[in-house]
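These are my notebook entries on one structure. I set down what I looked up, entry by entry.

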Amino acid sequence: MEVRRVAVGAVVALPFLLGAAAGAPGAAEDVAFRFSDTDVVESSGLVVLEGPAAGGLVVTTNDSGDSGRVFAVDPDTGDTVGVTSWAGDPVDVEALAPAGPGHVWVGDIGDNARARDSVEVLRVPVGRGDRSVTPESYELVYPEGAGDAEALLADPLTGRLLVVTKGVFAGTAYAAPLPLRADRPNRLVEVGDAPGLVTDATFLPGGGGVVMRTYSHAHLVAFPSWAPVSSWELPQQDQGEGIALAGRNLLVSTEGARSQVLEVDLPPAARTTALQSPAWTALRWLATATGRPLPA
């Protein structure tokens, strides 16, 4: 199973690795689309769906205060084409992460007062059309008391979830157990350091690096070492919250009704970092073994 996951990751990573953005970080900035749905007022997380059924749709969620729901948006028009909703009132939804074809993880992980005994993640189906669901839910517990977080990640090779807390001066990355258990709390384990005020994060394809965003900057770190690689300024936004990988570039969102989602370049260091991923290593080994070595 692990070999299969690495092979799949290598296939996903190949287009990115062979043509990763070479422009100067922060130099290119385009409006990808604008949310037309007035119910999307505090976009606080982004995921770009993959797969033939819903490929290319962008999923977002509102910040704390909304009911349990996520929006599937067509980036060609900015229109909402599907809403997934569920019963119950979330405490503070802040983040999304990929959860396999046609699904996302919803991170009810915000805790500004640091008063929650545990936080929650839910796996929900998404795509075109409205639906009401009863999602799978899992309780997460920090090892040393409550924490406030706005970033949720899913390792593209293993599926393991990671949470990045939002400290003022610095944050911490935590890993969830694999597999998650629905019948008991899942204790998080500290795995790395993060910058302060992280509002969202996304993996590079293949799992070799993570891009974390703050209100004003993006920070690239190697994975799984969490060693800093590069940082750069993001375009000015009212309150930058979301980030997602879209092909070879990044999408970044902000809170506010009818807000714009911007497309920005990745720095050259992203390709170099991605080349160190297990997926790329496996792909190079396979290519060499079959007599078709890939370029360095």
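I took a nonpolar core to be a set of buried Ala, Val, Leu, Ile, Met, Phe, Trp, Tyr and Cys residues joined through side-chain atoms within 4.5 Å. Buried stands for under 20% relative accessible area, exposed for over 50%, and partly exposed for what lies in between (1.4 Å probe, protein chains only). The model is predicted, with local features requiring pLDDT of at least 70 and side-chain atom pairs counting only at pLDDT 80 or more, while totals for chains, interfaces and linings use all residues. Residues are numbered from 1 along each chain as its sequence is written, and side-chain values use heavy atoms, leaving out hydrogens and water.

**Entry: cores**

I looked up the largest nonpolar core, which has 19 residues; Trp105, Ile109, Val121, Leu140, Leu152 and Leu180 touch the most other members. Two or more residues each come from β6, β8 (119–125), β10, β11 (149–154) and β12 (161–165). Strands here are DSSP runs (E, at least two residues), as helices are (H or I, at least four), numbered from the N terminus. β11 supplies the largest share of this core, 3 residues. I also noted a second, separate core of 16 residues, with Val70, Ala72, Val93 and Val126 among them.

**Entry: the open sheet**

I next traced an open sheet of 5 strands with mixed pairing, in the order β6-β7-β8-β10-β14. Two strands pair if DSSP finds at least two bridges between them. β6 (95–98) and β14 (186–187) are at the edges with a single partner strand each, so one side of each has no neighbour in the sheet. Strand β10 (residues 136–141) runs parallel to β14, joined by 2 bridges. Leu140, listed above among the core residues that touch the most other members, has Asn186 in β14 as its bridge partner.

**Entry: Arg187**

Is Arg187 buried or exposed? I found that Arg187 lies in strand β14 and is exposed, at a relative accessible area of 51%. Apart from neighbours within four places in sequence, Arg187 is in contact (heavy atoms within 4.5 Å) with Val141, Tyr142, Pro143, Ala175 and Pro177. The C-alpha atoms of Arg187 and Ala175 are 8.7 Å apart, with 12 residues of separation along the chain. The side chain of Arg187 reaches the backbone oxygen of Tyr142 at 3.5 Å.

**Entry: β17, β18 and β19**

Strand β17 (residues 209–213) pairs with β18 in the antiparallel sense over 5 bridges, and a hairpin of 3 residues joins the two. β18 also pairs with strand β19 (residues 228–233), again antiparallel over 5 bridges. Ala218 is the bridge partner of Arg213 and, towards β19, of Trp232. Of the 6 residues of β18 (residues 217–222), 5 are buried, so the strand is largely enclosed by the rest of the structure. The hairpin of β18 and β19 has 5 residues between the strands, and Trp226 in its turn has a positive phi of about 60 degrees.

**Entry: aromatic pairs**

How many aromatic pairs does a search of the whole structure find? I recorded 5. Rings of Phe, Tyr and Trp (its six-membered ring) pair if their centres lie within 6.5 Å; planes under 30 degrees apart are stacked, over 60 edge-to-face and the rest tilted. The rings of Phe33 and Phe35 are edge-to-face, with centres 5.4 Å apart and planes at 85 degrees. Phe33 is buried at 5%, and Phe35 is buried at 1%. Phe223 and Trp226 are likewise edge-to-face, with ring centres 5.8 Å apart and planes at 80 degrees. Ring pairs link Phe203, Phe223 and Trp226 into a cluster.

Notes:
A polar contact is a pair of N or O atoms within 3.5 Å; within protein, one must be able to donate a hydrogen and the other to accept it, and residues adjacent in sequence count only if both atoms are side-chain atoms.
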